[in-house]
Amino acid sequence: MADTIEVLVDGGKATPGPPLGPALGPMGVNVVQVVAKINEKTKSFEGMKVPVKVIIDPKTKSFDIKVGTPPTSQLLLKEIGAEKGSGTPNKSKVGDLSLDQIIKVANMKSDSLMGKDLKKKVLEVVGVCVSTGISIEGKDAKVMQKEIREGKWDAKLSA
């Protein structure tokens with residue numbers, strides 16, 4: 001039976017240090033090869049945290065790398081060009097996004113969001129904007145949630 005290690009790494013910049021090295025060392029695999037493969041596969045997500053699964057066959061010491069999509073908050077922060085969210089999201093904002101950018105992120109995360117249609121998925125992404133301190137179309141994210149629920153943006157979200 002294969003062993004699986006799940007870690008969150010910086011895209012294209014994984015290192016043999018923690019958390020990867022200590023997790024991989026006891027498995028008996030070549031840590032340098034695993035790190036090189038992870039960096040190769042996550043290169044396109046540079047500057048973002050990326051969830052990675054390392055699946056190891058304990059008998060042959062062979063491994064496979066599966067790369068997930070970065071967390072929604074990381075995709076949003078990349079869209080506005082900020083490194084981290086607001087420490088006080090109800091008082092200070094780190095940036096402003098258009099609804100089109102929110103829809104783009106919702107489509108990127110489509111497989112992992114629970115909403116059954118685009119409107120529900122966009123509401124999930126707007127919820128992350130509330131906790132990250134990002135305004136949308138110049139409005140507070142909570143105001144935007146209310147407008148989306150009331151159907152004000154249905155023309156744009158009915159795709």
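Helices (H or I, at least four residues) and strands (E, at least two) are taken here as DSSP runs, numbered from the N terminus. The model is a predicted one, in which local features need pLDDT of at least 70 and side-chain atom pairs count only at pLDDT 80 or more, while totals for chains, interfaces and linings use all residues. Residues are numbered from 1 along each chain as its sequence is written, and side-chain values use heavy atoms, with hydrogens and water left out.

**Overall layout**

The protein has seven helices and five strands, which follow one another along the sequence in the pattern β-α-α-β-β-α-β-α-α-β-α-α. Taken along the principal axes, the box filled by the C-alpha atoms is roughly 55 × 30 × 20 Å. Of the 159 residues in the protein, 37% are buried, where buried means under 20% relative accessible area, exposed means over 50%, and partly exposed lies in between (1.4 Å probe, protein chains only). With contact meaning heavy atoms within 4.5 Å, residues 24 or more positions apart account for 57% of the contacts that have a separation of 6 or more.

**The sheet**

Two strands are said to pair if DSSP finds at least two bridges between them. Three strands form an open sheet in the order S1-S2-S3, with antiparallel pairing, and its edge strands, S1 (3–10) and S3 (63–67), each pair on one side only. From one strand to the next the twist averages 25 degrees, angles being taken from 0 to 180 degrees between N-to-C directions, with axes as lines fitted to C-alpha atoms, for helices over the stretch in contact. Helix H2 (residues 31–41) packs on the sheet and touches S1, S2 and S3, its direction making about 30 degrees with that of S3.

The covered face of S2 consists of Val50, Val52, Val54 and Ile56, whereas Lys49, Pro51, Lys53 and Ile55 form the uncovered one.

**Helix H5 and its surroundings**

Helix H5 (residues 118–132) has 15 residues and reaches 21 Å from its first C-alpha to its last, close to the 21 Å expected at 1.5 Å a residue; the expected span is 1.5 Å times one less than the number of residues. Its buried residues are Leu118, Lys121, Val122, Leu123, Val125, Val126, Cys129 and Thr132. The elements covering these buried residues include helix H3 (72–80), helix H4 (99–108), strand S5 (134–136), helix H6 (141–150) and helix H7 (154–157). Just after H5, Gly133 takes a positive phi of about 85 degrees.

The axes of H3 and H5 come within 10 Å and cross at roughly 75 degrees. The two helices, H3 and H5, are therefore roughly perpendicular to each other, on a scale where angles under 35 degrees count as roughly parallel, over 145 as roughly antiparallel, 65 to 115 as roughly perpendicular and the rest as oblique. Their contact is made by Thr72, Ser73, Leu76 and Leu77 on H3, and by Val125, Val128, Cys129 and Thr132 on H5. The residues of this contact divide into five nonpolar, three polar and no charged; here Ala, Val, Leu, Ile, Met, Phe, Trp, Tyr, Cys and Pro count as nonpolar, Asp, Glu, Lys and Arg as charged, and the others, Gly among them, as polar.

**Backbone exceptions**

Most residues other than glycine have a negative phi, and most peptide bonds are trans. Pro18 and Pro19, however, are joined by a cis peptide bond with omega at about 5 degrees, and Pro19 is found in the loop between S1 and helix H1 (20–24). Lys61, a residue other than glycine, has a positive phi near 60 degrees and belongs to the hairpin of S2 and S3, which has six residues between the strands. With a relative accessible area of 38%, Lys61 is partly exposed. Glu137 likewise has a positive phi, of about 55 degrees, although it is not a glycine, and its place is in the loop between S5 and H6. Glu137 counts as partly exposed at 33% relative accessibility.
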